[in-house]
Amino acid sequence: MAELSSLMQIQPFVQAYVLAVASILDAPVTVVDCNLVRVGGTAEYESLISQKIAHSAFFDKVFKTGKPAFVKNVQNDQACSVCANRENCNELADMAYPIFLNNKVAGIIGIVAFNEDERGRLLGNQKKLQEFLKYMSMLIESKLVTQQHSRILEHQLDAVVSGERKQLEETPLLGNSAAIRDILAMVRKIAASDSTVLISGESGTGKEVLARTIHSMSGRGKRLMTVVNCGAIPENLVESELFGYEEGAFTGARKGGSMGKFELAHASTLFLDEVGEMPLPVQAKLLRVLQDKCVQRVGGSASIPVNVRIVCASNRNLQEMVAQGTFRNDLYYRLNVIPIHIPPLRLRREDIPVFIESFLARYRRELRRDVRGLDPVAYDAFMGHDWPGNVRELRNIIEYLVNVVEGPLIRGNDLPQHFFARRSGALSTTTLKEMLAVHEKQLLERLIAVAASTEQKKLLAQRLGISSATLYRKLQEYNLLH
């Protein structure tokens, strides 16, 4: 099936336009595209729209020269002498003007005379009508350019969304640990919902990757997810960044105002990273948006409806911030509808080999280096490292090593010195009591991640052979109460 011409893609607009022009001129008007297919027409030609024209000699001349043309008498004109349909042609006179797109003739707009009265008006007003057609052609060209830019923008957005999907495929939420399996099971349950999700976890654990996974599995996944790092925006700009602003709202405000991230994320997902960094006044406005599902731009009074799913993330303890008065209690409960906690990498060491293999494959391909794996010393060092920077630190270390190692294996002496220094330094200053405390905290952190309710905590205490009071005391001591 042949691709539609640029004019045929806006056919309803062209036909409405042709009808209006014909009414103004009191004369039949037609438009054909570069394939000589009639896109619009009045009078005898209205019933022939979408059909290829039989009399192409006159229009062929306009397409070839790119200049307007005029036929005073079809039966005597040289341009029409080679037309196979000349004997059966009902036209007495023609005026045609090219329609340009990107400096090429994309089509022709023409005025036709089917009787002597119409021909008389055409001959008597030739210059004025040609000038009129010139501006009509320019208006259609303007519509074509707008349409072309819209298609380009759509392709760019599709490319961005495809790029996001590719990035998600390359860096998915990986892991074989029970914690990651539970998280992925939860995502499958809640992805189709519009309920707000609050992702907690240390920096580098993959909170944005999890947010993109939730978005891609939802009904909003075909649209671009909008990301806002609340900690990276100056405090005085957070409100205008989220909710937009009207012209003149503040010094330096753009003419015509600007949409905010909520409006940009309409019908999609808005990911608020580091939401704990949001200033208190903006928190109040965010709460109002979540309740009313409308935004009000800075300096404006109109309520703009938005259909947005909110996914938030924070590496800070928002409950502690609520207790300290730095985070609104009502907003916390509004955001914490579906809480998901990603444990740090040191508490799910069984996931480390999965990340090693994934990042080796990625950087082997990107950097075109044939690095296949780790020798036993390097592997043990990776498995024993505490990874304070979590998955992000592991990825950066792998990228560094694939760049610098010689040969197919990463050896122990290829690892950076600070890698061992941090580990050995930590061990040399750690007593047995401190090591047991660290182990107890890690164990409780892993167990409490899947014991959110009071009843689940009671069962956990029974499994551990301690009282609920002792469990709560230890959770309080290790700052694990969420």
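Reader: In what sense do strand β6 and β12 pair, and over how many bridges?

Author: First, bear in mind that this is a predicted model. As for the general idea, strands of a sheet pair through backbone hydrogen bonds, either parallel or antiparallel. Here, β6 (residues 197-200) pairs with β12 in the parallel sense, over four bridges. If you want a spot to look at, find leucine 198, which stands opposite proline 339 in β12.

Reader: And what packs on the sheet there, touching β6 and β12?

Author: That's helix α5 (residues 178-190), which also touches β11 (309-314). The direction of α5 makes about 155 degrees with that of β12.

Reader: What is the strand order of that sheet?

Author: Read across the open sheet and you get β7-β8-β11-β6-β12, five strands with parallel pairing. β7 (226-229) and β12 (338-341) stand at the edges; each has a single partner strand, so one side of each is left without a neighbour in the sheet. Ignoring direction, neighbouring strands are turned by 15 degrees against each other on average.

Reader: Now the sheet with β1 in it: what is the order, and is the pairing parallel or antiparallel?

Author: This open sheet has five strands in the order β2-β1-β5-β4-β3, and the pairing is antiparallel. β2 and β3 (69-71) are the edge strands, each pairing on one side only. From one strand to the next, the twist averages 20 degrees. For a closer look, take β1 (residues 29-33) and β5 (residues 104-113): they run antiparallel and are joined by five bridges. Threonine 30 stands opposite glycine 110 in β5.

Reader: Which strands does α2 touch when it packs on this sheet?

Author: α2 touches β1, β3, β4 (93-101) and β5, and its direction makes about 140 degrees with that of β5. Helix α3 (residues 116-124) lies across β3, β4 and β5, running at about 125 degrees to β5.

Reader: Where does threonine 42 sit, and is it buried or exposed?

Author: Threonine 42 is in the loop between β2 (38-41) and α2 (57-65). The cut-off for buried is under 20% relative accessible area, so threonine 42, at 7%, is buried. Its side chain reaches the backbone nitrogen of valine 29 at 3.0 Å. Beyond its neighbours within four places in sequence, threonine 42 is in contact with Val18, Leu19, Ala22, Ala27, Pro28 and Val29.

Reader: How many disulfides does the structure hold?

Author: A disulfide is a covalent bond between the sulfur atoms of two cysteines. This structure holds zero. Take cysteine 312: the nearest cysteine sulfur belongs to cysteine 230 and is 7.5 Å away. Cysteine 312 counts as buried at 0% relative accessibility, whereas cysteine 294 is partly exposed at 24% relative accessible area.

Reader: On to helices. How many residues of α6 are buried?

Author: The general idea is that an α-helix has 3.6 residues a turn, so residues three or four places apart point the same way. Helix α6 (residues 207-216) is mostly covered, with seven of its 10 residues buried. Among them are Leu210, Ala211, Ile214 and His215.

Reader: And at what angle do the axes of α17 and α18 cross?

Author: The axes of α17 (residues 454-464) and α18 (residues 468-477) cross at roughly 105 degrees and come within 9 Å. That makes α17 roughly perpendicular to α18. On the α17 side the contact residues include Leu460, Ala461 and Leu464, while those of α18 include Leu471, Tyr472 and Leu475.

Terms used. Residues are numbered from 1 along each chain as its sequence is written. This is a predicted model: local features need pLDDT of at least 70, side-chain atom pairs count only at pLDDT 80 or more; totals for chains, interfaces and linings use all residues. Side-chain values use heavy atoms; hydrogens and water are left out. Helices (H or I, at least four residues) and strands (E, at least two) are DSSP runs, numbered from the N terminus. Buried means under 20% relative accessible area, exposed over 50%, partly exposed in between (1.4 Å probe, protein chains only). A polar contact is a pair of N or O atoms within 3.5 Å; within protein, one must be able to donate a hydrogen and the other to accept it, and residues adjacent in sequence count only if both atoms are side-chain atoms. Contact means heavy atoms within 4.5 Å. Two strands pair if DSSP finds at least two bridges between them. Axes are lines fitted to C-alpha atoms, for helices over the stretch in contact, and angles run from 0 to 180 degrees between N-to-C directions. A disulfide is a pair of cysteine sulfur atoms within 2.5 Å. Angles under 35 degrees count as roughly parallel, over 145 as roughly antiparallel, 65 to 115 as roughly perpendicular and the rest as oblique.
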